[in-house]
Amino acid sequence: MNADNTGRKERGGGFHEAFECDGCGACCGAYLIFASVEDARREPRIEAETQRLGDWLETSRWAYRLHPLPFHDSCCFLNAERRCSIYETRPEVCREFAAGSEPCQTARAMRALPALAPLARESAGEGGA
Ligand code: SF4
């Protein structure tokens, strides 16, 4: 979930805060992480290196567990530099995770990291998402 994800969040008065991921990797170890069959088609390492859920647990979105797995304190694809080793083909759930969101800030706090600071403030009528 790390690398160059960005996120936006509306605050009171129609202003938006923009965030840029600083690659801390905290989100890659803070939550349950699952990937879909479609994700595994895109990235073969998911099938080879993660845990397939039983048929009775599988859904269209969740078929493989990436975290937690035995002997890993974060996702098995987070490398020693705390960067995603499958970034270009990472699961959809990782693509959806927004830098600066409440789950992002919570994950940082769990690792005793400071809150991610916004890059800039923009008016909603001036290009805000
Ligand atoms: S696949 Fe990559 S981005 Fe997703 S949780 Fe694992 S290390 Fe993080």
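The dialogue below reads selected features of this structure, one at a time.

Q: What kind of model is this, and how are residues numbered?
A: This is a predicted model: local features need pLDDT of at least 70, side-chain atom pairs count only at pLDDT 80 or more, and totals for chains, interfaces and linings use all residues. Residues are numbered from 1 along each chain as its sequence is written.

Q: How many helices and strands are there?
A: Helices (H or I, at least four residues) and strands (E, at least two) are DSSP runs, numbered from the N terminus. The protein has five helices and six strands. Starting at the N terminus, the elements run β-β-α-β-α-α-β-β-α-α-β.

Q: Which strands form the open sheet, and in what order?
A: Two strands pair if DSSP finds at least two bridges between them. The open sheet has three strands, ordered β3-β5-β4, and the pairing is antiparallel. β3 and β4 (51-52) are the edge strands, each with a single partner, so one side of each has no neighbour in the sheet. Antiparallel β3 and β5 are joined by three bridges. A35 stands opposite Y64 in β5.

Q: What share of the residues counts as buried?
A: Count C-beta atoms, placed from the backbone. A residue is buried if 20 or more other C-beta atoms lie within 10 Å of its own, exposed if 12 or fewer, and partly exposed in between. Of the protein's 129 residues, 27% count as buried.

Q: Which residues touch the most other members of the largest nonpolar core?
A: In soluble globular proteins, nonpolar side chains tend to be buried together. A nonpolar core is a set of buried Ala, Val, Leu, Ile, Met, Phe, Trp, Tyr and Cys residues joined through C-beta atoms within 7 Å. Here the largest one holds 24 residues, and C27, A35, Y64, L66, C75 and F77 touch the most other members. Two or more residues of this core come from each of α1 (27-30), β3 (33-35), β5 and α5 (102-110).

Q: Which residues come nearest to the ligand?
A: A residue is near a molecule if its C-beta atom, placed from the backbone, lies within 6 Å of it. There are 13 residues around the ligand, and C28, C75, L78, C84 and C94 come nearest. As for type, Ala, Val, Leu, Ile, Met, Phe, Trp, Tyr, Cys and Pro count as nonpolar, Asp, Glu, Lys and Arg as charged, and the others, Gly among them, as polar. The shell has eleven nonpolar residues, one polar and one charged.

Q: Is L78 buried or exposed, and what does it contact?
A: L78 is buried, because 22 other C-beta atoms lie within 10 Å. L78 sits in the loop between β5 (64-67) and α4 (92-96). Residues are in contact if their C-beta atoms, placed from the backbone, lie within 7 Å. Beyond its neighbours within four places in sequence, L78 contacts G25, C28, G29 and C84. L78 and G25 are 53 residues apart in sequence, yet 7.5 Å apart in space, C-alpha to C-alpha. C75, leaving out residues up to four places away, touches C28, G29, I33, L66 and H67.

Q: Where is the cis peptide bond, and which residue has phi near 70°?
A: Most residues other than glycine have a negative phi, and most peptide bonds are trans. The bond from H67 to P68 is cis, with omega near 0°. P68 is in the loop between β5 and α4. F71 has phi near 70°, a positive value in a residue other than glycine. F71 lies in the loop between β5 and α4. F71 counts as exposed because it has 6 C-beta neighbours inside 10 Å.

Methods. Contact = placed C-beta atoms within 7 Å.
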